[in-house]
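Have a look at it first, then read on.

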Amino acid sequence: MPQIIGSDVSSLRHVNRDGALQHLRRTPDSVFTASDIADGLGLSRPTAARLLTELSESGWATLELAHSGSAGRPTRTFTINRRRRLVAALDLGANNLLAAVADLSGTVLRRHYAPHGHPGSAELMAQQAAAALLRLVEEETGPHGGLSSVVVSLPATVDRDGRILPWSDSPAWATAALPSLLGELLQELPGLRLRFEGVPLAAAEAELQHGELQAGEDAVFVLAGDITGVAPLIEGRPYRGATGAAGAIGGLDSVDWRAATAAVLEETGAQTLDELVASGLAGDSDAAAALSRYAEHLAPGVEVLVRAFDPARLVLGGCLAPAQELVLGPLGAALGRTLGTTPTMVCASVDHVDAPMLGGLSAALDHVEWGTP
Amino acid sequence: MSDLDGSAVASLRRLNGSKVLSVLRAEAYRKFTVREMSIATGLSRPTVGRLLDDLVEAGWAQSAEGRPGATGRPARRYSFNRLRGLIASLDVGYAGVGIMITDLVGSELSWTMEWGLALETVESCIDHVMPLFSQKLSEVSADLGLDEDLPVLAVSLSAPVIPDADGVHVDTLSTVNGWRGGSFVPTLRERFGDVPILVNNDILLSAEAELHLGALSTSDQGMFCFLAWFSSIVLIHEGQVHRGTFNLAGDVGSLPEYRWPDVIVEALESSGFNHPASVGRMLEAAANGHEAAQDGIRSVGQGLARGIADVAAMWDPDTIVFAGQLSTAPDLLFEPIESGLRALGSEDFELLRAEVDPEKGSCLGGVIKALDAIDWTV
């Protein structure tokens, strides 16, 4: 008989417990019995019952007794304890700072959104961001197991090693020093895992979870507006490239979307692209015409993207997304003239203000140390 | 004793037979004893012995007496029958054709190229290629001392087209006008019968060859820059050619933004050469110190640099390989290209020249795809 080593049994137990926890996590509103978990994971019922009891004793699951009304023993049911840990996202945008704290189901508990006033350095931005986050955590009354992970999105590329690589038009505070500065200011949160992500990828993640990006499909997510950037996906997974710098559209000679944005705002007198889009949607023909010209300005850069990645779908996010056909129509026509074959083009459906934050929360949930004491 | 389902036994036998064939193919020049094959496959010796005899009978394996040793009867040895059939790999274009015939491990048995043609239509292309192929096939048979031609087990056709699922050509910028909307498949099917017939873009096949046999073999996220009269880029993702949704991934050269076809034409004209076949003459003249030709080469490099850098910015490759006729150009072609790439700020990629013979690349890539397409289950 082959010898079973103690560490093998312990590893298997750990794998099974993790599997049970992920099963609970996937449908946080559902209650599960030991039989449900046993069936779902292919375990024996006694093993499943033991694992769920361990999860309950360690605080990761909540035990409730369900009475069926008949004279039998009540059934033990388990749900994920959503507040065993909290996660957070910080979206450091071109003009505003958005901080959000959520539970383990991804439900946002607290949110802070305000202009950041364009801090002139990484130190000043780190101070603002840390203060906003710490305040939210403090305000979150009710028992919870502490903040586990935070994902920070910013207008720059973040490579595989977590280094920040500013774009040519990244703000002054988006530098390689930001992670260590913010990390120091958040030291009072023990065991916190801090990660950074470029805004386009964070927004694309939200669109994958809740919007127009399809699992398993080649796609390109384009952020156009106050922040411009690209997140390519191959077979539904973010494509990062050899160093994590894929999609650096700011480096393309043919693309100066920021200048195009400045030009259309000056031409129309609108203060922001949001304002211009709102006017266009309200029927202002001048605004609509300006948006059409702006979309044609985007076309050369989008052509390069589409021909480089040859996606099945292109999703337009950012401030322009609410403009829908006002932008998609002229952009699609311009691409069709040059490319012939074009991908399916849609506007993002996740709110462009919240998208990077929601993508950040999704990523933060993936970085929780599930099942640890 | 339990009753075994006959179909299950047959399936298991087929599975095991395929396993043995797979080991034979993987070491196609090795002669295995039954014992050695039993170790390699984990199957019992009696089972392996029976399966090897089946494979010999079906023509997939050959057997021979082993060499006498000090004691005992020498063990019979088995090897893959590389000449059970042949692979036909055809590379066609407006001005030239290439024909490669290989055995079942891809070893070249025949190679020929013809240039200076003008194949205006699919029909004229086929009318030229098929008799030439038949002639080469006969020569192979004669070289092997055979009275009859060996069967062709798979066919690859490489062309400046992108085929749709039915094998009908989809346009690329380099597709010959008279070829648009046509298809090679019906005629190939009539000639070769019910074997895998693959039609693929010629540059994609060159990239496949470089991936399996050349400078891209260690690349995960690479770029294959094919630089010739018609230039294009093929992307490598997780060690495989990334075709994209419409088989156009990387093909930025065709965009008006970059004007790659015009870049080559202008360079040729300015240096006094004005025909596609003159790219080779321009390269030769530049190597011999002809100043106008050198200026032409330099301007080609400058013209291609932006598109290559833009795709590199998008793709973030670990390796960039330059292939095609222009990849043999002197360094003054590559200086502006390298300068554009370094301006991206990354030093993390390797710049290499292709290692596969540019004339044979498409055919070799075709052989690789054809071997993959054969049903090797016994």
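## Two helices in chain A

Let's begin with helix α8 (residues 273–281) of chain A and helix α9 (residues 285–309) of chain A, which pack at an angle of about 120 degrees with their axes 7 Å apart. That angle makes α8(A) oblique to α9(A); under 35 degrees counts as roughly parallel, over 145 as roughly antiparallel, 65 to 115 as roughly perpendicular, and the rest as oblique. Axes here are lines fitted to C-alpha atoms, for helices over the stretch in contact, and angles run from 0 to 180 degrees between N-to-C directions. Helices (H or I, at least four residues) and strands (E, at least two) are DSSP runs, numbered from the N terminus.

The crossing of α8(A) past α9(A) is left-handed, a term used if the near helix is turned anticlockwise from the far one by less than a right angle, with right-handed used if clockwise. Which residues meet here? On the α8(A) side they are A:L276, A:V277, A:S279 and A:G280, and they meet A:A287, A:A288, A:A290 and A:L291 in α9(A). Contact means that the C-beta atoms of two residues, placed from the backbone, lie within 7 Å. By class, the residues of this contact of α8(A) with α9(A) are 6 nonpolar, 2 polar and no charged. Ala, Val, Leu, Ile, Met, Phe, Trp, Tyr, Cys and Pro count as nonpolar, Asp, Glu, Lys and Arg as charged, and the others, Gly among them, as polar.

## Where this comes from

This is a predicted model, in which local features need pLDDT of at least 70 and side-chain atom pairs count only at pLDDT 80 or more, while totals for chains, interfaces and linings use all residues. Residues are numbered from 1 along each chain as its sequence is written, and chains are lettered from A and ligands numbered from 1 in the order in which they are written.

## A sheet in chain A

Next comes an open sheet of 5 strands in chain A, in the order β5-β4-β3-β6-β9, with mixed pairing. Two strands pair if DSSP finds at least two bridges between them. β5 (108–115) and β9 (193–198) of chain A are at the edges with a single partner strand each, so one side of each has no neighbour in the sheet. From one strand to the next, the twist averages 15 degrees.

Inside the sheet, strand β3 (residues 86–92) of chain A and strand β4 (residues 96–102) of chain A are antiparallel partners over 6 bridges. A:L92 stands opposite A:L97 in β4(A). Helix α11 (residues 355–366) of chain A packs on the sheet and touches β3, β4, β6 and β9 of chain A, with its direction at about 145 degrees to that of β3(A). Helix α6 (residues 199–210) of chain A lies across β6 (147–154) and β9 of chain A, at about 95 degrees to β9(A).

## Domains of chain A

Chain A splits into domain 1 (6–80), domain 2 (86–202 + 361–366) and domain 3 (213–347), with bounds that come from an automatic or database domain assignment. The C-alpha centres of domain 2 of chain A and domain 3 of chain A are 26 Å apart. Their contact takes 16 residues from domain 2 of chain A and 17 residues from domain 3 of chain A. On the domain 2 side, α6(A) gives the most, with 3 residues. That side has 8 nonpolar, 5 polar and 3 charged residues.

## Over to chain B

What about the meeting of the two chains? 26 residues of chain A are in contact with 27 residues of chain B. The largest share of the chain A side, 7 residues, comes from α9(A). That side of chain A divides into 14 nonpolar, 7 polar and 5 charged residues.

Chain B has an open sheet of 5 strands too, ordered β12-β11-β10-β13-β14, with mixed pairing. Its edges are β12 (240–242) and β14 (350–353) of chain B, each with a single partner strand, so one side of each is left without a neighbour in the sheet. Neighbouring strands are turned by 30 degrees against each other on average, direction ignored. Strand β11 (residues 232–237) of chain B pairs with β12(B) in the antiparallel sense over 3 bridges, and B:Q240 in β12(B) is the bridge partner of B:H237.
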